[in-house]
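I opened this model to go through its chains, helix packing and backbone one at a time. My notes follow the order in which I looked things up.

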Amino acid sequence: MPTTKKPEIDPRGPRFGATITSVLLLIVIWLSLDSTSLQAALVLFEVLAFLFALGAILGTSRTPYAWIFRKVIRPRLKPPTYLEDSKPPQFAQGVGLFVTLVGLTLYFGGISSGILFAATAAFIAAFLNSAFNLCLGCQLYLLLKRLSSRG
Amino acid sequence: MSIATRLLIVTTLVIAAGLIGAIWLILRGRVKRKRFVEHFDLAGIGLGSGVGDGSGISLGESATLVLFSTEFCAICPGVERAYLELLATRPWAKLIKVDLTNRNDLAVRFHILQTPTTFVLDGRSAVAARIGGAPKLLAVETLLDELAVGASNAYSI
């Protein structure tokens, strides 16, 4: 049964977003390592959670990263050699949202290092996507389906 | 925590992430030859599409690539294109795509954990090799050409 998907987006857009996200998460990690800057870490972390939510719910094209990519980056690049479906990056945003929500839940539940751990996990995923083109949907989707089918 | 310590931690984290990525690049896409005869029952799953062959499911004469993907696999279209390039000069080999997005039963049955996963079948529909992730194309070409002359050592001890 052939699947009919319309490739829609420049694949370099989500990778640009992942690069920015990686840097922001690194800043969160930096800030959360010292108790005096923990509040700042929290604020930035909440911003990231909001950005993940935007991407997961509305699609990656409707995020600030995509806007910056379209306005600033892409005009300086050659046209893409191929387009990709928007579902895989959107799935990755959903995973990011989940991880950040877990971190925030831990934090507000009294475990202040929850932000550090969640940001570290999210950083590794974003970094691997940005630097090595690792696709989260490729690695996680089937595993998640398997877990949810057993439950 | 001092700046120096924080710098050390963050630097170590970035380096560790880089190492994870490098190791992943080395390990993924290896063509894992199967040692035991394992048949791939196309009729049993009743699902697949023969690319470039209007009659639907059809196996290659000497080899078949079965590409498992989902709608959440960003790299699967690129892998499919790469396989089609390999097959362009190998008319005795075909490509079959299986979409597992709504077929978790197949994913479980064939122990598929990631996409893309590729099965390489020989001319008798036996699984000669499995490939997890974006394939190392040179190794795929080697195996395909071995299968063409029936020289695959998949069943050797």
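Entry 1: I am working with a predicted model. I keep that in mind for every value below.

**Entry 2: chain B.** I started with the secondary structure. Chain B has five helices and six strands. Along the sequence I read the order as α-β-α-β-β-α-β-α-β-β-α. Next I checked burial. Chain B has 157 residues, and 33% of them count as buried. Then I looked at contact range in chain B. I took contacts between residues at least 6 apart in sequence, and 75% of these join residues at least 24 apart.

**Entry 3: where the chains touch.** I listed both sides of the contact. Chain A gives 32 residues and chain B gives 28 residues. On the chain B side, I asked which elements supply two or more residues. They are α1 (3–27) and α4 (104–109) of chain B. The largest share of that side is nine residues, and it comes from α1(B). I also sorted the chain B side by residue type. I found 19 nonpolar, six polar and three charged residues there.

**Entry 4: α1 against α5 in chain A.** Two packed helices are described by the angle between their axes and the distance between the axes. I looked up both for this pair. Helix α1 (residues 12–32) and helix α5 (residues 114–132) of chain A have axes that come within 8 Å and cross at roughly 150°. Angles over 145 degrees count as roughly antiparallel, so α1(A) and α5(A) are roughly antiparallel to each other. The crossing of α1(A) and α5(A) is left-handed.

From α1(A) they include A:A18, A:L25, A:L26 and A:I29. From α5(A) they include A:I115, A:A119, A:F123 and A:F127. By type, the residues of this contact are twelve nonpolar, seven polar and one charged.

**Entry 5: α4 of chain A.** I checked the length of this helix. Helix α4 (residues 87–108) of chain A has 22 residues and reaches 31 Å from its first C-alpha to its last. That is close to the 32 Å expected at 1.5 Å a residue. Just after α4(A), A:G110 takes a positive phi of about 110°.

**Entry 6: A:K87.** This lysine sits in helix α4 of chain A. Is A:K87 buried or exposed? The cut-off for buried is 20 or more other C-beta atoms within 10 Å. A:K87 has 20 C-beta neighbours inside 10 Å, so A:K87 counts as buried. I set aside its neighbours within four places in sequence and looked at what remains. A:K87 is then in contact with B:E71 and B:F72. I also checked A:C135, which is 48 residues from A:K87 along the chain. The C-alpha atoms of the two are separated by 11 Å.

**Entry 7: backbone exceptions.** Most residues other than glycine have a negative phi, and most peptide bonds are trans. I looked for departures.

- A:N133 has phi near 60°, a positive value in a residue other than glycine. A:N133 is in the loop between α5 and α6 (136–150) of chain A. A:N133 is partly exposed, with 16 other C-beta atoms within 10 Å.
- B:S125 has a positive phi of about 70° and is not a glycine. B:S125 lies in the loop between β5 and β6 (127–132) of chain B. B:S125 is partly exposed, with 15 other C-beta atoms within 10 Å.
- The peptide bond from B:T115 to B:P116 is cis, with omega near -5°. B:P116 is in the loop between α4 and β5 (117–122) of chain B.

Note on methods. Residues are numbered from 1 along each chain as its sequence is written. Chains are lettered from A and ligands numbered from 1 in the order in which they are written. This is a predicted model: local features need pLDDT of at least 70, side-chain atom pairs count only at pLDDT 80 or more; totals for chains, interfaces and linings use all residues. Two residues are in contact if their C-beta atoms, placed from the backbone, lie within 7 Å. Helices (H or I, at least four residues) and strands (E, at least two) are DSSP runs, numbered from the N terminus. Ala, Val, Leu, Ile, Met, Phe, Trp, Tyr, Cys and Pro count as nonpolar, Asp, Glu, Lys and Arg as charged, and the others, Gly among them, as polar. Axes are lines fitted to C-alpha atoms, for helices over the stretch in contact, and angles run from 0 to 180 degrees between N-to-C directions. Angles under 35 degrees count as roughly parallel, over 145 as roughly antiparallel, 65 to 115 as roughly perpendicular and the rest as oblique. A crossing is left-handed if the near helix is turned anticlockwise from the far one by less than a right angle, and right-handed if clockwise. A residue is buried if 20 or more other C-beta atoms lie within 10 Å of its own, exposed if 12 or fewer, and partly exposed in between; C-beta atoms are placed from the backbone. The expected span of a helix is 1.5 Å times one less than its number of residues.
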